[in-house]
Amino acid sequence: MHATASQLDTEAARHHVIEEQAAKRAASRYRDEAGHEALPEIPYLPVAHLSGQTIIDLSSGSTLEEAQGLMEQHGIHHLVVLHEGAVAGLIDLAWVLEQRLKVVNQAAQSHLHALTLPAFITVTPETDAHELARQMLGYRIASALVVDPDNQAIALVTATDYLRLYAQRTQKHESI
């Protein structure tokens, strides 16, 4: 007897639910045995409350040298790359410097449109900052771009923003 695709999907979904329940039971037993308390519920924190960096962008036709100069001029470490007005990428100073070392004598290769831009994450202002932090850690990315419904860059969230938030939340009422 041959199973249909629908039957296989249903069986796979049922198997997934069983595995999920088993994992929850195992975690519960571990907490009970180890004397661990459940983690406190973390309140919702929209990314809009976390992001604070000004967005500076440049065209994908720009060179690596121009990107580095723009970062130095504005005292920033991230730039949004635009291609025909749409977000094409998000680059940081470390990536720019790495690429400049690779293309030292290849002027044609120094334009952003000729390079493979690094992976980046886009989120909305309503995205939970805790979920974004998990994604950034999971993908090993130190920044994310906040976009509006028209996919236009409106803010930037970096690892520094998370450090700033942590420092503010744990700040003592005495001066150091």
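Which residues does T127 touch, not counting residues up to four places away in sequence?

A: The model is predicted. Leaving aside residues up to four places away in sequence, T127 touches L45, P46 and V47. T127 sits in the loop that links β4 to α4. Is T127 buried or exposed? Its relative accessibility is 18%. The cut-off for buried is under 20%, so T127 counts as buried.

β4 covers residues 121–123. α4 covers residues 129–139. β4 belongs to an open sheet of three strands, ordered β4-β5-β6. Pairing in this sheet is mixed. β4 and β6 are its edge strands, and each of them pairs on one side only. On average, neighbouring strands here are turned by 30 degrees against each other, direction ignored. α4 packs on this sheet and touches β4, β5 and β6. The direction of α4 makes about 175 degrees with that of β4.

β4 and β5 run parallel, joined by three bridges. V123 has V146 of β5 as its bridge partner. β5 spans residues 143–147, and β6 spans residues 153–158. These two strands pair in the antiparallel sense, over five bridges. S143 is bridged to T158 in β6. β5 and β6 also form a hairpin, with five residues between them. N151 lies in that turn and has a positive phi of about 65 degrees.

How does this part sit within the whole? The protein has five helices and six strands. From the N terminus on, the order is α-β-α-β-β-α-β-α-β-β-α. Of the 176 residues, 30% are buried. T127, at 18% relative accessibility, counts among the buried ones. The protein exposes about 12,500 Å². Carbon and sulfur atoms supply 54% of that area. Consider contacts with a separation of 6 or more: residues 24 or more positions apart account for 53% of them.

There is another open sheet of three strands, in the order β1-β2-β3. Its pairing is mixed as well. The twist averages 35 degrees from one strand to the next.

β2 takes in residues 78–83. It pairs with β3 in the antiparallel sense, over six bridges. L79 has I91 of β3 as its bridge partner. L82 stands opposite V87 in β3. The hairpin of β2 and β3 has two residues between the strands. E84 is in this turn, with a positive phi of about 55 degrees. G85 is found in the loop between β2 and β3. With a relative accessible area of 45%, G85 is partly exposed. The C-alpha atoms of G85 and S60 are separated by 9.8 Å. These two residues are 25 residues apart along the chain.

α2 lies across β1, β2 and β3, and runs at about 135 degrees to β2. α2 is made of residues 64–74, and α3 of residues 93–102. Two packed helices are described by the angle and the distance between their axes. The axes of α2 and α3 come within 10 Å and cross at roughly 145 degrees. Their crossing is left-handed. α2 brings L64, E65, A67, Q68 and M71 to the contact. α3 brings L93, W95, V96, L97, Q99 and R100. By class, seven of these contact residues are nonpolar, two are polar and two are charged.

Back to the starting point. T127 is in the loop between β4 and α4, and α4 packs on the sheet that holds β4, β5 and β6. Its partners beyond four places in sequence are L45, P46 and V47.

Key:
Residues are numbered from 1 along each chain as its sequence is written. This is a predicted model: local features need pLDDT of at least 70, side-chain atom pairs count only at pLDDT 80 or more; totals for chains, interfaces and linings use all residues. Side-chain values use heavy atoms; hydrogens and water are left out. Two strands pair if DSSP finds at least two bridges between them. Helices (H or I, at least four residues) and strands (E, at least two) are DSSP runs, numbered from the N terminus. Axes are lines fitted to C-alpha atoms, for helices over the stretch in contact, and angles run from 0 to 180 degrees between N-to-C directions. A crossing is left-handed if the near helix is turned anticlockwise from the far one by less than a right angle, and right-handed if clockwise. Contact means heavy atoms within 4.5 Å. Ala, Val, Leu, Ile, Met, Phe, Trp, Tyr, Cys and Pro count as nonpolar, Asp, Glu, Lys and Arg as charged, and the others, Gly among them, as polar. Buried means under 20% relative accessible area, exposed over 50%, partly exposed in between (1.4 Å probe, protein chains only). Accessible areas come from the Shrake-Rupley method with a 1.4 Å probe; for residues, only the protein chains shown count as cover.
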